[in-house]
Amino acid sequence: MKRIIITHKTPKGKLIGRANFQPPINSIVVLKSNKKFKKVGKIYDVFGPVNKPYVKIIPFKGFENYVGEVFILKQKNGKSKYRKK
């Protein structure tokens, strides 16, 4: 699992985080608690320096003000483990 630290919220309601890797756009970001995963949001944009980029996340309902550590689960063939049906 790859880690992203969400630092703050923008005035338009997006979450801004910092990563140590280049995350794929449209990946689902999850919160890990007691071996269960809760979907926090979806990566909307990646910007800033290549070696430590900023990530803009569209939060899902209930996580609009979340600040802390989130994860991107391992992906196979460029597809996220969680997909909208």
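Reader: In what order do the elements of the protein run from the N terminus on?

Author: Begin by listing the elements along the chain. In this model, which is predicted, the elements run β-β-β-β-β-β from the N terminus on, and the protein has 6 strands and 0 helices.

Reader: Which strands pair with β4, and in what sense?

Author: Pairing is read from the bridges between two strands. Here β3 and β4 pair in the antiparallel sense over 6 bridges, with I28 standing opposite K42 in β4; β4 and β5 also pair in the antiparallel sense over 6 bridges, and there D45 stands opposite K56 in β5.

Reader: How many residues lie between the strands of each hairpin, β3 with β4 and β4 with β5?

Author: The hairpin of β3 and β4 has 2 residues between its strands, and N34 in the turn has a positive phi of about 50 degrees. In the hairpin of β4 and β5 there are 6 residues between the strands, and G48 takes a positive phi near 100 degrees.

Reader: Which residues have the most contacts inside the largest nonpolar core?

Author: The general idea is that nonpolar side chains tend to be buried together in soluble globular proteins. In this case the largest nonpolar core has 15 residues, and those with the most contacts inside it are I4, V40, I43 and I57. Each of β1, β2, β3, β4, β5 and β6 supplies at least two residues of this core, while the largest share, 3 residues, comes from β4. Leaving aside residues up to four places away in sequence, I57 touches I6, K14, L15, V29, G41, K42, I43 and Y44. Of the 85 residues of the protein, 34% count as buried.

Reader: Are E69 and R3 buried or partly exposed?

Author: This is read from the relative accessibility of each residue. E69 counts as partly exposed at 33% relative accessibility, and R3 is partly exposed as well, with a relative accessible area of 45%.

Note on methods
Residues are numbered from 1 along each chain as its sequence is written. This is a predicted model: local features need pLDDT of at least 70, side-chain atom pairs count only at pLDDT 80 or more; totals for chains, interfaces and linings use all residues. Side-chain values use heavy atoms; hydrogens and water are left out. Helices (H or I, at least four residues) and strands (E, at least two) are DSSP runs, numbered from the N terminus. Buried means under 20% relative accessible area, exposed over 50%, partly exposed in between (1.4 Å probe, protein chains only). A nonpolar core is a set of buried Ala, Val, Leu, Ile, Met, Phe, Trp, Tyr and Cys residues joined through side-chain atoms within 4.5 Å. Contact means heavy atoms within 4.5 Å. Two strands pair if DSSP finds at least two bridges between them.
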